[in-house]
Amino acid sequence: MLGTMGIDWASWLRRWDSQQEGYVPEREARFTAMFDAIEALLPASFTALDLACGPGSISQRLLARFPHAKAIAVDIDPVMLALGQGALGTVDGRLRWIDVDLDRPDWLAALDGAPIDAVLSSTALHWLWPDSLTRVYRDLGRRLPAGGLLFNADHLAFGSRLPTFARLSDGALERQWSDAAFAARGLETAEQWWAALSAEPGVEPLLAERERRFAGKRRQETSPDFDFHVAALRDAGFREVDTVWQVLSDRVLLAVR
Ligand SMILES: C[S@@+](CC[C@H](N)C(=O)[O-])C[C@H]1O[C@@H](n2cnc3c(N)ncnc32)[C@H](O)[C@@H]1O
């Protein structure tokens with residue numbers, strides 16, 4: 001079905017999900033682990049914040065699994081937001097999309113005081129430098145109610161207190177797994193996906209705006225490790241913090257407010 005701008009966004013979303021599975025071969029199991037924990041810990045009706053949502057892969061699955069839930073999906077990338085809105089819409093008014101830069105100290109204001117019971121993020125917070133990450137965790141620590149949940153699904157390297165484990169998350173082994181997933185499943189890479197999307201008529205203004213927004217942002221060579229996340233979450237007021245799902249350094253970190 002053709003969405004806004006005459007683009008088949010639903011098909012681009014399926015293609016997005018496929019290429020992401022090359023980088024995170026157990027991506028669906030990782031999503032399911034977060035949802036299983038939510039089912040065990042929250043009532044049927046709750047509001048989730050999909051943090052750095054991309055095209056809304058978490059929100060899509062979460063709203064399908066929990067019919068009484070609502071979601072707020074936030075991201076800085078205008079292409080991702082257009083793709084998510086074009087492919088998923090508002091899911092009968094249960095999904096809100098908000099244009100937000102997590103590097104801005106006032107990012108939470110864009111949520112207009114909406115209540116949040118759970119925060120979920122996947123393959124995204126490695127973008128944030130330690131100062132932004134720490135501030136975002138603090139903001140969420142203040143914003144979530146007691147018992148609120150924060151899930152961060154990402155590659156979180158083992159810290160230096162486990163030097164032998166750290167060798168497992170230095171990249172080589174995980175690259176080997178990722179290369180094997182790309183080859184076995186015949187997947188395109190993220191670069192190929194972006195190149196293909198940029199040939200779609202009408203997308204150029206969104207791509208130009210995306211480039212403008214990311215121009216001032218630098219990728220970190222090494223993103224904060226697991227120990228850093230745990231310490232920052234504890235400082236932010238989360239009472240319990242630990243891993244609930246893991247394959248090497250690819251894990252779901254759960255923090256309970
Ligand atoms: C690899 S995508 C992951 C998207 C989705 N969660 C998934 O698993 O498919 C990472 C997302 O983080 C977003 N992001 C990076 N820096 C951000 C920032 N400062 N504020 C908001 N979103 C950001 C990017 O725009 C991108 O959509």
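This is a predicted model, and in it Tyr23 is partly exposed, with a relative accessible area of 29%.

**Exercise 1.** Classify the ring pair of Tyr23 and Phe182, and find where its two partners sit in the chain.

*Solution.* Start with the total: there are eight aromatic pairs. For Tyr23 and Phe182, the ring centres are 4.9 Å apart, which is within 6.5 Å, so the rings pair. Their planes stand at 80 degrees, and because this is over 60, the pair is edge-to-face.

**Exercise 2.** Decide whether Phe182 is buried or exposed.

*Solution.* Phe182 has a relative accessible area of 13%. That is under 20%, so Phe182 is buried.

**Exercise 3.** Repeat both steps for Phe158 and Phe165.

*Solution.* First the geometry: the ring centres of Phe158 and Phe165 lie 5.2 Å apart with the planes at 65 degrees, so this pair is edge-to-face. Then the accessibility: Phe158, at 13%, is buried, whereas Phe165, at 42%, is partly exposed.

**Exercise 4.** Which residues do ring pairs link into a cluster, and which ring face does Arg219 lie over?

*Solution.* The cluster is made of Trp12, Trp16, Trp193 and Trp194. Arg219 lies over the face of Trp127, 4.3 Å from the ring centre. Arg251 lies over the face of Phe226, at 4.0 Å from the ring centre.

Note on methods
Residues numbered from 1 in each chain as written. Predicted model: local features only at pLDDT ≥ 70, side-chain atom pairs only at ≥ 80, totals over all residues. Heavy atoms only, no water. Phe/Tyr/Trp six-rings, centres within 6.5 Å; stacked < 30°, edge-to-face > 60°. Helix = DSSP H or I, 4+ residues; strand = E, 2+ residues; numbered from the N terminus. Buried < 20%, exposed > 50% of the residue type's maximum accessible area, 1.4 Å probe, protein only. Lys NZ or Arg CZ within 6 Å of the ring centre and 35° of its normal.
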